[in-house]
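Q: I have the sequence and the coordinates open. Can you walk me through this one?

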Amino acid sequence: MKKTDILDVISRKLAPFILLFGMYLITYGHLSPGGGFQGGVVLASGVVLLLLCQGTDRVQKLFPLPVVNSAEALGFLAFLLMGFAGVLFGGGFLSNFLPVGKAGEVPGAGFILILNLVVGLKVGAGITLICFYLFKE
Amino acid sequence: MTETLLTLHIVLALLVLFSRNLLTAVIFLAVYSLFSSLLFFILHAPDVALTEAAIGAGISTFLYVWVIRKTRDGVAS
């Protein structure tokens, strides 16, 4: 496939902002619209933009395939561990056991922030993996 | 506003159904997703609108275009 300068420059300028917006959606998911799933999908779409415009080799130098693969599996494991930690320390499965701060602050969310981060990692790595394997075929 | 958007949805869905070229159908499907994300935002569901814009207009369009490209290569060779 022929690559033009427009694609190269636009993807380089735009992709960091898309990745940053995905992280914003994940970390502020309990305060504003967004959350783990939506932020993860936006993260993955940033990686797909890089994949389409920069090629597989340069993207996999930044996001190596084994790292994304294990992040996808470890995300599910971390979600289960957080759920069962709720059984051990709190009331039941997925219940909050961390101290809760004032409403409207990012670190004051206790359990939800960590859960959103884990779900965002899992979803982002999963959709990125789908596109990696589809692109490699 | 909602009625206009719903009418647009019907028109776009008919365009997707009756277009002969597969690539044109996929592009119409992306436009359909974009307008349905706008509809979700107007109906006060910004979470669903974000998901629809990212998955419907972004990832699934990429998947469809890629699959069409691969199957055409398979048929030609």
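Q: Which residues have the most contacts inside the largest nonpolar core?
A: This is a predicted model, to start with. Inside the largest nonpolar core, the residues with the most contacts are Val41(A), Val47(A), Val48(A) and Leu50(A). The core has 32 residues.

Q: Which elements each supply at least two residues of that core?
A: From chain A, α1 (5-27), α2 and α5 do. From chain B, α3 does.

Q: And which element gives the most to the core?
A: That is α2(A), with 11 residues.

Q: How many residues of α2(A) are buried?
A: 17 of its 19, so α2(A) is mostly covered. In general, nonpolar side chains in soluble globular proteins tend to be buried together.

Q: What does Val47(A) touch, leaving out residues up to four places away?
A: Val47(A) touches Val59(A), Phe63(A) and Thr128(A).

Q: How far apart are the end C-alpha atoms of α2(A), and what should the helix span?
A: The ends are 27 Å apart. At 1.5 Å a residue, the 19 residues should span 27 Å, which agrees.

Q: What comes just after α2(A)?
A: Gly55(A), with a positive phi of about 95 degrees.

Q: Where else is there a positive phi, on a residue that is not a glycine?
A: His44(B) has one, at about 65 degrees. Most residues other than glycine have a negative phi.

Q: Where is His44(B) found?
A: His44(B) sits in the loop between α2 (22-42) and α3 (46-76) of chain B.

Q: Is His44(B) buried or exposed?
A: Exposed, because His44(B) has 8 other C-beta atoms within 10 Å. The cut-off for exposed is 12 or fewer.

Q: Back inside chain A. At what angle do α4(A) and α5(A) pack?
A: About 145 degrees, with the axes 8 Å apart. Helix α4 of chain A covers residues 65-89.

Q: Is the crossing of α4(A) and α5(A) left-handed or right-handed?
A: The crossing is left-handed.

Q: Which residues meet there?
A: On the α4(A) side, they include Leu65(A), Val68(A), Phe76(A), Phe79(A) and Met82(A). On the α5(A) side, they include Ile114(A), Leu115(A), Val118(A), Leu129(A) and Phe132(A). By class, the residues of this contact divide into 15 nonpolar, four polar and two charged.

Q: Let's zoom in on Ala125(A). Which helix is it in?
A: Ala125(A) is in helix α5 of chain A.

Q: Why does Ala125(A) count as buried?
A: Because Ala125(A) has 26 C-beta neighbours inside 10 Å. The threshold for buried is 20 or more.

Q: What is Ala125(A) in contact with, leaving aside neighbours within four places?
A: Val68(A), Ala71(A), Glu72(A) and Gly75(A).

Q: How far is Ala125(A) from His30(A)?
A: In sequence, 95 residues. In space, the two are 21 Å apart, C-alpha to C-alpha.

Q: Now the overall fold. How many helices and strands does chain A have?
A: Five helices and zero strands. The pattern along the sequence is α-α-α-α-α.

Q: And what are the spans of chain A along its principal axes?
A: The C-alpha trace covers about 60 × 30 × 20 Å. Of the 137 residues, 31% count as buried.

Q: What share of the contacts in chain A joins residues 24 or more positions apart?
A: 65%, taken over contacts with a separation of 6 or more.

Q: How many helices and strands in chain B?
A: Three helices and zero strands. The order reads α-α-α.

Q: What are the spans of chain B, along its principal axes?
A: About 50 × 25 × 10 Å for the C-alpha trace. Of the 77 residues of chain B, 18% count as buried.

Q: What share of the chain B contacts between residues at least 6 apart joins residues at least 24 apart?
A: In chain B, that share is 41%.

Terms used: Residues are numbered from 1 along each chain as its sequence is written. Chains are lettered from A and ligands numbered from 1 in the order in which they are written. This is a predicted model: local features need pLDDT of at least 70, side-chain atom pairs count only at pLDDT 80 or more; totals for chains, interfaces and linings use all residues. Helices (H or I, at least four residues) and strands (E, at least two) are DSSP runs, numbered from the N terminus. Two residues are in contact if their C-beta atoms, placed from the backbone, lie within 7 Å. A nonpolar core is a set of buried Ala, Val, Leu, Ile, Met, Phe, Trp, Tyr and Cys residues joined through C-beta atoms within 7 Å. The expected span of a helix is 1.5 Å times one less than its number of residues. Axes are lines fitted to C-alpha atoms, for helices over the stretch in contact, and angles run from 0 to 180 degrees between N-to-C directions. A crossing is left-handed if the near helix is turned anticlockwise from the far one by less than a right angle, and right-handed if clockwise. Ala, Val, Leu, Ile, Met, Phe, Trp, Tyr, Cys and Pro count as nonpolar, Asp, Glu, Lys and Arg as charged, and the others, Gly among them, as polar.
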